[in-house]
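Have the sequence and the model side by side as you read.

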Amino acid sequence: MLFVGLSDLVHAQIHVNGIVVDEQQEPVAFASISLIQEADSAFVSGTTSDENGRFQISDAPAGTLLKISYVGYTTQYLHPSTDMRIMMEPETLTVGDVVIKGSRPTYKMRGGALVASIENTVLGKLGDANDVLAQLPLVSGENGNFNVIGKKKTIVYINNRLMRDSKELAEIKSSAIKDIKIDLTPGARYAADVDAVIKITTIRPVGEGLGGEVITRYDRKTVNEFYDAVRLNYRHQDLDIFFNGTYNYMRFDEDQISNHHFAYNSTPIHARTEDKTEYDHQDIILTGGFNYNITNNQLTGVRYNFYKSFPNKICSKSKGTYTEGNTISAYEDFANKDNNHRGQHHVNAFYQNDISDSWQFNIDATYSNNETTTDRHQQEWKDNILSEISSQSEQKNRLWAAKAWNTNQLFGGTAEWGVEVTDTKSEQVYVMLNEEVAQRIPSTETVSKQNSQSVFVDYNRQFGALAASLGLRYEHVDFDSEMNHKHNDDASRMYNNLFPTLSLAYNSEPLNLIVGYRTIVRRPSYFELRGEVQYNSCYSAERGNPDLQPCYNHSISLMAEHRNLVLDASYDILKDACVFYNRVMSEYPMTLANNMNHDMQTYHANLVYSPTIGVWKPSWQIGTEGQVLHNDGQSYSGACLTYQWKNIWSLPQKWTITFNIDGRSAKYTQTIYEKPYFTASMSIRKDIGNWQLRAGMLDIFNTSRERWTLDTYGTHFEKWNNPHNQSVYVRVAYTFNPAKSKYKGGSAGQSELNRL
């Protein structure tokens, strides 16, 4: 009888699994699912749906019910079974004769990321991915250059592929985006210098044949700017071929006032100049490649990118006074800089194999090289004495990189582990052609080589409403430096480091929390490590610092979300931060600017409120950011107030209007004291069939200014700059038979590419 009773009990328990969807049949991630007693509603066990809306509960005893709840939707009570498909219905509330219908919030925390649903929302009507990112909370930037507020380095992934060219965002229509995730606690699978990751997932394309888009944009600032692009995609069965070509022409002016104070051998020196700079830039970008489905489970592809800027010019004119003691002299400076970019070649290849439902293998390889020459000719008048100073700079960069990793379902969670190797070489040559100046600022040649090997593992596991992520990355770096054909023993170093990551998330509607810890390394760029001293004027110069050490950052972060409210905060302890200083040269009456290592701390906190009010989608953000830094008896510590107000109106007849305000109070950024900042922008979009028409205005009130001061080691430098950012623009795009590329490669060696 005992064995019969046990048998009946086993058969009474069933395995419960299924998927939760909304009224649009889209998966509902992190819905709360509880198993309760039917008799008294006592809690038995629980879990949440994953990012794909799926869930499972191992054993459900007889006499239990399944309770499914999600903010904005009616709670459901169902008898548990296998392969369930649960459709959530919007919650409705009747007040008098008015019916208020609930909806899923646009921004939700899922696991360790803030996720913005784009498909079938007002955000999907904005234009392209640039326009969508510009409207997201906690994100700042424009035209392909975006950063998560409070984070030093943000990278962008498109369909699990690292974005190499910032102009790629203009290729993605907002209506083709499913969702965007903002990951503030990236795991060990990312390079150890990454603070945040923006992940864009597009809707799976349909249809075959030739598709594409033609775009033209005109900007009017003080002068004209043009941007033209053609994007083509051909898809037939398992083959996908793509080509993109863009042409960009920019010409703009800057007006600047500079004040420079210091003392040399107790003699005060003051230089005040009014400067006007004109920039003239043209470039082309050609991208082509293919993807091929070898089998249903295997995909491979190659992507080639060529970048070429035509000889672009920077012309600056300065007029002012140079005061040394009691002697005042007229000062003039004319400088022409010609940048000749000889072309950048970038090749990436990938292979992906879904070996089984629980095992995926990936390999990614990258090769990149570029070469740039800069010719600078300068004429200076002081005391009516003419000095001509000419110099030439040349930089060559080359990178090989490969990354291989596996994704496995393991012990009820997901493990991602792999290796990454890079081989980098950077050559920088500076030639001073003026013999007299060369005695103070000699010609130099710096060659930097680096080999690195990394091993990483990430493990993620869900425990009901809790989700844990643990990662570890080991990096071996061998850095070698040569200066003027001699080995630089002091700058050549070898590093062996472990970088742990940890995050704990709690998801239980309507409250979601995540706490994270991450160790981050910031290796100096190869430009910062250069050995040359660059001549700026008769009273100022700047140089690199081959002795710079990497900065190690211990970061603690917190994010909380409750309905339409989001709180984001972090505290960072930086060891050997790369800090900008200016000091007086001992041999000549000149100042020398460069970077040095210094310990400091930074912190930030932001509160975001993003409701939906009819056709209006506003987002208010207020926050603070600050630092703790002391050096040479001077404090550079303090905090500032930051604010954003973003608005979207989705109107009938496919009209969309945006209006944004962004600003902050005065603040310290390392040793630089930046004055308050404020800017505003707006746009209007209209869709007519396959045509997209857009017009807008940047810096509406003409308030964007660069204003800062630098006080270090007895020097004072003050800068006021008007970049003339106020502009109006018109953008016209025509799309035919849209078919997006499925290219998934491009993650190997990104950290080294950024340093180059």
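## Positive phi away from glycine

Let's start with Arg-563, which sits in the loop between β35 (551-562) and β36 (565-584); strands here are DSSP runs of E with at least two residues, numbered from the N terminus. Its phi is near 55°, a positive value in a residue other than glycine. Arg-563 has a relative accessible area of 42%, so it goes down as partly exposed (buried is under 20%, exposed over 50%, partly exposed in between, with a 1.4 Å probe and protein chains only).

Asp-576 gives you another positive phi in a residue other than glycine, near 65°. Asp-576 is in strand β36, and its relative accessibility of 22% makes it partly exposed.

## A word on the model

This is a predicted model, with residues numbered from 1 along each chain as its sequence is written. Local features need pLDDT of at least 70 and side-chain atom pairs count only at pLDDT 80 or more, while totals for chains, interfaces and linings use all residues; side-chain values use heavy atoms, leaving out hydrogens and water.

## Rings meeting rings

How many aromatic pairs does the count come to? The count is 21, taking rings of Phe, Tyr and Trp (its six-membered ring) with centres within 6.5 Å; planes under 30 degrees apart are stacked, over 60 edge-to-face, and the rest tilted. Take Tyr-157 and Tyr-190: the ring centres are 5.6 Å apart and the planes are at 75°, so this is an edge-to-face pair. The pair links distant parts of the chain, 33 residues apart, with Tyr-157 in strand β14 (residues 154-158) and Tyr-190 in the loop between β16 (177-183) and β17 (196-202). Tyr-157 is buried at 10% relative accessibility, and Tyr-190 is buried too, at 7%.

Further along, ring pairs tie Tyr-609, Trp-616, Trp-620, Trp-645, Trp-649 and Phe-659 together in a cluster.

## Charges over rings

Arg-530 lies over the face of Phe-527, 3.8 Å from the ring centre. For a charge to sit over a ring, NZ of Lys or CZ of Arg has to be within 6 Å of the ring centre and within 35 degrees of the ring normal. Lys-221 also has its charged end over a ring, that of Phe-252, at 5.8 Å from the centre.

## One glycine in a loop

Last stop: Gly-633, in the loop between β39 (630-631) and β40 (634-635). Is Gly-633 buried or exposed? It counts as exposed, because its relative accessibility is 89%. The C-alpha atoms of Gly-633 and Tyr-713 are 9.6 Å apart, although 80 residues separate them along the chain.

Terms used
Helix = DSSP H or I, 4+ residues; strand = E, 2+ residues; numbered from the N terminus.
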